[in-house]
Amino acid sequence: MGFEGIGASVRRKEDVRFLSGKGNYTDDINRPGQLHAYIRRADRPHARIDAIDTAAAAKAPGVVRVFTGADIAAENIGGIPCGWQIHNKDGSPMAEPMHPVLAVGKVRHVGDPVAVVIADSRQAAKNAAELIEIDYTDLPAVANLTDAVAPGAPEVHDGVKGNLCYDWVIGDKAVVDGVFANAHRVVKLELTNNRLIPNAMEPRAAIGDFDTSSGDYTLYTTSQNPHVIRLLMGAFVLHIPENKLRVVAPDVGGGFGSKIYHYAEEAIVTWAAGRVRRPVKWTAERSESFMSDAHGRDHVSTAEMAIDKDGVFLGLRITTLANMGAYLSTFAPAVPTYLYATLLAGVYKTPVIYCNVKAVFTNTVPVDAYRGAGRPEATYLLERLVDAIAYDTAIDKIELRRRNFIPADAFPYQTPVALQYDSGDYQTTLKVALQNAGWESFEGRRAEAKRRGKLRGIGISTYLEACGIAPSAVVGSLGARAGLYEVANIRVHPTGSVTVFTGTHSHGQGHETTLAQLVVDQLGVPLDQVEVVHGDTAKIPFGMGTYGSRSLAVGGSAMVKAMDKIIAKGKKIAAHLLEASVQDIEFKDNTFTVAGTDRSKTLTDVSLAAYVPHNYPIEELEPGLDETAFYDPKNFTFPGGCHIAEVEIDPETGVVDMVNFTAVDDVGRVVNPMIVEGQVQGGVAQGIGQALFESAIYDPEGQLLSGSFMDYTMPRANDIPPLSVATENTMCTHNPLGSKGCGEVGAIGSPPAVINAVVDALKDYGVRHLEMPATAAKIWSIIQSAQPRLAAE
Amino acid sequence: MPQVTLTVNGQQHTVEVEGRTLLVELLREKLGLTGTHVGCDTSQCGACVVHIDGVSVKSCTQLALQADGTSITTIEGLAAADGTLHPMQEAFREHHALQCGFCTPGMVMTAVDLVQSHPDGLTEKEIREGLEGNLCRCTGYHNIVKAIAAAHPLMHAEAAE
């Protein structure tokens, strides 16, 4: 047994299961007597439902029941709730229209669920769903942001004027306008953050189960946070108390945010199982995923920076339109506000910032957090704007960044947009990234590429993000309708092995390994004697789940606190067994020792005494060695770093070849370097995907054109270069691990680095900015329409 | 209903299927071999790749009836009977070539065929091109490519023994 604690790249405990086909994903689960649900969805973006005739479907072979929105509306069932309330700049609450489980009266996006067929096989349910006759009257629809806010635009929801969900501001407009009025220069950039479809490889699935003897419901679901689903669905939708509702999120095949939210299908199968008194299973076909999983991003912004003659940032002024889709998904309102605008200082000491965000309803799938959630939008805006400043002023883009960095000795650093950064060292991550990327020798590579007829460019992004969103009281004051702590239960068994029950959830992050390493480190228990259990509300005390790179920083910290309690109690037991004073007991390497002596008891001696309390301080201490901690962080964590992309463009075709990518990230303390590298590589691939390939496209009438993997370009192995990733870490100062989170940095830092590289490659064509994704067609058109400045000179 | 007789992971099965039943549905629903996954409905993602008579095939693109008389290996049949992982499985574990594990069975089955059909070696570019039919959303492919490159000599050394 080698070193297995914090800092060891131990191989993952979960891998043998996954590599042998023994994973247990939701669709792999089958319950006795199980029926299957198929959902008939709207095939049009906006229409009034005049009539639904289910008679033929109900009589089709194998069909048990057909339910429509009217059946749901007749029961005591609520709408799908939103977990965050934003207030308008005038103090009034956001518009929060009803989000029915099955459409009532109107459908508002392609994919909106209208009816559900329950049958004895998936095929029978699907066949019967075709027989449902729906009379629609089509209504005018609106899909994109600028159309939705135009005067006279169709209303997605009756009474929501101008499709405005909220009109929110941060910062003092008068102060910022004053800075702009007196500035040496203002640099302006208009930009779009393209709409994305998360596409975790496992399609969503859900099984509702109803125990006819106990009256208990169980929901198996592809979720990143089963306790949150239990709370939202139980309390707000189906009105089932927690003690009668168990939610299990077994192995989950990727999430990236899209599996945080409470979806209608979860409520449908749970409710239907109670009605038909048999288990009901639903598994999305990929086509359904495209039109029912929450999408991501979709911002249109205008950004302006006021600068002095040396390029020092004086003030930042931003207006953003953010697409909410047709209904408010669970965390949607928080994404373009507290996860976006509060990040607009980035790594820079910009003294004043004003941002106005208008969130807008459209006839599209709801939009919510997707890997990074607001921070990629903020980073893309800032890092494109900084490059535009460099372009306009001819100040070197590295020097411009260095000049404006928050210095390493300025922490804790209070930004003008609410956040207080605890630690960071942006000069160092920049310096190391420049070295690793060979920045200094780039012009040689550009010249060599030119000899081959290729356009080579290099781009940089120096970014910051915020993870482990907290503390609960603060997020509550900002509109969160839940706490954002985390829970850990550490159970030391009688013979010294340990089970960790964590409220976080692993859907690829490797918690079964990483969290076990914390136990190795703190309790000295070997890795193979530590089991990590997650994803079941019947086993875990509580939990808020996994998103926002919070599992280690928040969930790991809860484990540290619970293990502190284990050690504190263990010391009392050991003191009794060793006939010593508690103050003299030290714990290290799995052993309690009387300080300065060789008298000791192992953790196993102590745990056995705790469960077999024959010789035990029973008057002062309860038996057992099982402790729980709820950890509510004092602040966010602030990972940051530098990403550098190098591209080569074929001017004949416009194809962008990603040739090199370098990331140097500060993620705080690293528990398993192998897993951190994997997280960053995966995030970078998604960022490259956003920058070069991916885009969710609706036609102006609201039909989803990119509705399959044939139309939505996912990055494939040949699209991604070998990735150079490294970390250069400063410690988080306010959690016991010092960890900051690594799950999203890759997707946050990379898109502007790639676009900055593409713009750099095209610099001879007079390109100052281009929108993502930088497809071959787009670049070819630019090249065709622009005369190279060099040729003209 | 028509019958199909096929050998899966060394065991012969005769199963009644509908004419429209896909091979992947037969494997998952009739034989309970849920290691083979369904990630799309357009044959783009490769999560369902199995070997039919030793050749990698997307099992969502074949009718179960087309597999009559064939010998199929799924991810469950790749490791040795005693549970010893196949060199490709071991390489994936060693090089952290999987995260959520959902694309992994198809990715591993594709990789095994790729290595077997290139006994003289595989360049990084050939590996990346060979994965054209398989999507992974977690890893960025970096470690998958590393794992396949590492498994190549091990698999061919084993085959030579």
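Here is a short talk about domains and contacts in this predicted model.

Student: What makes residues of chain A and chain B count as being in contact?

Tutor: Two residues are in contact if their C-beta atoms, placed from the backbone, lie within 7 Å. By that cut-off, 41 residues of chain A are in contact with 43 residues of chain B.

Student: Which element gives the largest share of chain A's side?

Tutor: That's α18(A), with seven residues. Helices α1 (15-19), α9 (286-292) and α18 (673-693) of chain A each supply at least two.

Student: What classes of residue make up that side of chain A?

Tutor: There are 18 nonpolar, 14 polar and nine charged residues on the side of chain A that touches chain B. Gly counts as polar here, so any Gly would go into the polar group.

Student: Why is 3-77 of chain B called a domain?

Tutor: Because the bounds come from an automatic or database domain assignment. For chain B, that assignment gives domain 1 (3-77) and domain 2 (87-160).

Student: The C-alpha centres of those two are 21 Å apart. How do you know that the domains touch?

Tutor: The 7 Å cut-off applies to C-beta atoms of residue pairs, whereas the 21 Å is taken between domain centres. The contact takes 16 residues from domain 1 of chain B and 11 residues from domain 2 of chain B, so the two domains do touch by that definition. On the domain 1 side, β3 (49-52) and β4 (55-58) of chain B give two or more residues.

Key
Residues numbered from 1 in each chain as written. Chains lettered and ligands numbered in written order. Predicted model: local features only at pLDDT ≥ 70, side-chain atom pairs only at ≥ 80, totals over all residues. Helix = DSSP H or I, 4+ residues; strand = E, 2+ residues; numbered from the N terminus.
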